[in-house]
Amino acid sequence: MQELALQEQDFALKIQSKEDMNRTKDCIQAIKEEIHIMEQLNHPFIAELLHSYEDEGNIYILMGVIKGCELWEVIHKEDEDTGEWTSGILEDDAKFYSLCIADTLRYIHREKYIWRDLKPENVMIDSEGYPILCDFGLAKHVTDKTYTFCGTPNYVAPEIIDLSGHGAAVDHWALGIVIYEKV
């Protein structure tokens with residue numbers, strides 16, 4: 001008789017209330033769309049969706065835990081003594097994070113998705129130092145162009161702002177802003 005080897009694994013459970021007074025049917029549909037997109041994407045540098053389910057009041061999203069910190073915390077540091085902030089990281093670290101993110105974007109774009117929310121707060125650095133993309137709430141399946149106005153102001157590409165239609169290049173624009181912020 002074989003013994004079943006059990007290994008300890010940590011999980012993160014994100015609970016989205018359907019009954020929140022600010023939630024509309026469109027908002028609930030957007031959460032379901034985010035889950036669908038994460039189910040389609042399988043890459044080592046994308047947060048791992050393990051399972052999702054819902055009941056009358058909530059949508060539950062079970063994910064693998066990313067033990068580490070946000071890229072934002074790596075880039076921006078506060079001096080505990082003076083309270084002053086400094087920004088930037090070593091050039092080799094910036095190159096490493098940028099390459100990993102660019103490779104992950106290439107995968108996402110090849111699958112015909114646009115992320116549209118690249119910013120340091122949406123990139124986790126795991127316990128081994130690898131960047132993991134998370135939060136796909138603004139991601140969209142796009143075969144040509146889309147005209148949705150969305151994103152975080154400091155990282156939004158001009159074609160989103162002028163509503164001329166945008167594709168995967170908006171993720172490259174945001175990556176350029178993040179790279180600039182890192183060095």
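## A stacked tyrosine pair

Tyr-60 counts as buried, with a relative accessibility of 13%, where buried means under 20% relative accessible area, exposed over 50% and partly exposed in between (1.4 Å probe, protein chains only). Tyr-53, at 42% relative accessibility, counts as partly exposed. The search of the whole structure finds 6 aromatic pairs, and one of them joins Tyr-53 and Tyr-60, which are stacked at 4.7 Å centre to centre with 20° between the planes. Rings of Phe, Tyr and Trp (its six-membered ring) pair if their centres lie within 6.5 Å, and planes under 30 degrees apart count as stacked, over 60 as edge-to-face and the rest as tilted. Phe-45, Phe-96, Tyr-97 and Tyr-130 form one aromatic cluster.

## Basis of the model

This is a predicted model, in which local features need pLDDT of at least 70 and side-chain atom pairs count only at pLDDT 80 or more, whereas totals for chains, interfaces and linings use all residues. Residues are numbered from 1 along each chain as its sequence is written, and side-chain values use heavy atoms, with hydrogens and water left out.

## Overall fold and packing

The protein has 5 helices and 10 strands, taken as DSSP runs (helices H or I, at least four residues; strands E, at least two) numbered from the N terminus. Its C-alpha trace spans about 55 × 45 × 35 Å along the principal axes. Of the 183 residues in the protein, 39% are buried. Among contacts (heavy atoms within 4.5 Å) with a separation of 6 or more, 60% are between residues 24 or more positions apart.
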